[in-house]
Amino acid sequence: MPRKPARHHRLLPVQPLTFSPFARSVARVATAYLVKHHMHDAMQQSAGDEFKEKLKNVDRQSVSPEDEEFDGVVQADFAFFDPKPDDFHGVKTLLQSYLNNKQWDLSGFVDLILGQTTVGTVVKLEDDEDNGVFSIITALNLGRYKDHKCITELKEFLLNICHEKDKIGNLRSLLGDEAQKVGLLVSQCVVNLPPELLPPLYDALFDEISWATEDEPTEELRNSFRFKFYVVVSKFYKHKNANQKRSSSTDKDEAFVYIKPEDEILHKLSMWSFLFPLQTQQVATHELKNYQLTGIVMAVKAEDISSFRQQLHALINES
């Protein structure tokens, strides 16, 4: 079943989305900081002076923390597209810190994503001559691609960072014997992507997965999209006392502040999860002084994706 690009044209508020006022304020500070550094990194690694200039314009016009006149709203015409080779540099920039700045075959990983055109979406600005990528979402079968260097290195990374004895066996199972049933759910975006795009973006992904089980040309390919589990690698802010009983003076603080709103839903629905330390530079702000940027790996049953989609729609509609 062919997919038609979904288009969204509206005034889009640029603000972090979380479940509480405190978490929202903390995430807002983190967003302003991370946007600045994300755009700087993107300009260092993306090809072409024109694209660099475009990133500068996006930073200045939509999310610049120094702009006191910025009212939090930008006019943006976003569109969803199938991945294609021209998206290589944009997608690679988004995934630069996907595995905690590990040196690995990221280029090969991006090639896998772009080569899977029937399942996966990139978000761009409509009629953007510079072809800038604002988001990538896909699901890769860990069994189907097990012989690729990037997947081998990704599995090794996950096994090396898991130090919880009650989780390592489950992780080995999903990465090994059950890998043919496991989808690596990859979702990376610029930190100020409007949250209104999230429900249709995830709906498009999971609809495509369902269609692929019927429309792919071979039984082997159709079976490769019949996922039973999803593995998610992400990051959030963890309170330094999250594992302890906190005093009343810190009860107002959230244990976790999620950079991506969908991660909180996935975390709650996960069969199991574990955290790992990141080498990424910590945001130095008053609001985040008690928080540490932390990596998280989650395993989610495919049967819970319907609930995830419903909760994501409800969350965005209520915001």
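**Entry 1. Terms and model**

I take a crossing as left-handed if the near helix is turned anticlockwise from the far one by less than a right angle, and as right-handed if clockwise. I note that this is a predicted model, in which local features need pLDDT of at least 70 and side-chain atom pairs count only at pLDDT 80 or more, while totals for chains, interfaces and linings use all residues. Residues are numbered from 1 along each chain as its sequence is written, and side-chain values use heavy atoms, with hydrogens and water left out.

I looked up the confidence, pLDDT, which is the predictor's own value for each residue on a scale from 0 to 100. The protein chain has a mean pLDDT of 80, and 72% of its residues reach 70 or more. For contacts I use heavy atoms within 4.5 Å. Where pLDDT is low, the predicted coordinates should not be read in detail.

**Entry 2. The chain as a whole**

I counted elements as DSSP runs numbered from the N terminus, with helices (H or I) of at least four residues and strands (E) of at least two. The protein chain has 10 helices and nine strands. I apply the label buried under 20% relative accessible area, exposed over 50% and partly exposed in between, with a 1.4 Å probe and protein chains only. By that scale 52% of the 319 residues of the protein chain are buried. Of the contacts between residues at least 6 apart in sequence, 75% join residues at least 24 apart.

I began with the loop between H3 and H4, where Asn100 is placed. Asn100 is not a glycine, yet its phi is positive, about 55°. With 9% relative accessibility, Asn100 is buried. Asn101 lies in the loop between H3 and H4 as well, and its phi, near 60°, is also a positive value in a residue other than glycine. Asn101 is partly exposed, at a relative accessible area of 39%.

How many of the residues of H4 are buried? I find seven of 10, so that H4 is mostly covered. The buried residues are Leu106, Gly108, Phe109, Val110, Leu112, Ile113 and Leu114. They pack against helix H3 (88–94), strand S4 (133–141), H5 and strand S5 (182–189).

Two packed helices are described by the angle between their axes and the distance between the axes. I use axes that are lines fitted to C-alpha atoms, for helices over the stretch in contact, with angles from 0 to 180 degrees between N-to-C directions. Angles under 35 degrees count as roughly parallel, over 145 as roughly antiparallel, 65 to 115 as roughly perpendicular, and the rest as oblique.

The axes of H4 (residues 106–115) and H5 (residues 149–161) come within 8 Å and cross at roughly 115°. H4 and H5 are therefore roughly perpendicular to each other, and H4 passes H5 in a left-handed crossing. Gly108, Phe109 and Leu112 of H4 meet Cys150, Ile151 and Leu154 of H5. By class, this contact has five nonpolar, one polar and no charged residues. I count Ala, Val, Leu, Ile, Met, Phe, Trp, Tyr, Cys and Pro as nonpolar, Asp, Glu, Lys and Arg as charged, and the others, Gly among them, as polar.

**Entry 3. The partners of H10**

H7 (residues 198–215) and H10 (residues 305–318) pack at about 165°, their axes 9 Å apart. That makes H7 roughly antiparallel to H10, and their crossing is left-handed. Leu198, Pro199, Tyr202, Asp203, Phe206 and Asp207 in H7 meet Ile305, Phe308, Arg309, Leu312, His313 and Ile316 in H10. I sort the residues of this contact into eight nonpolar, one polar and three charged.

H9 (residues 261–269) and H10 pack at about 140°, with axes 10 Å apart. H9 and H10 are therefore oblique to each other, and H9 passes H10 in a right-handed crossing. Pro261, Glu262, Ile265, Leu266 and Leu269 of H9 make the contact with Ser307, Phe308, Gln311, Leu312 and Leu315 of H10. That contact divides into seven nonpolar, two polar and one charged.

**Entry 4. Two C-alpha separations**

Lys289 is in the loop between strand S8 (272–277) and S9, and is exposed at 54% relative accessible area. Lys289 and His239 are 50 residues apart in sequence and 9.1 Å apart from C-alpha to C-alpha. Gln292, in strand S9 (residues 291–301), is partly exposed at 39%. Its C-alpha atom is 8.9 Å from that of Leu278, 14 residues away along the chain.
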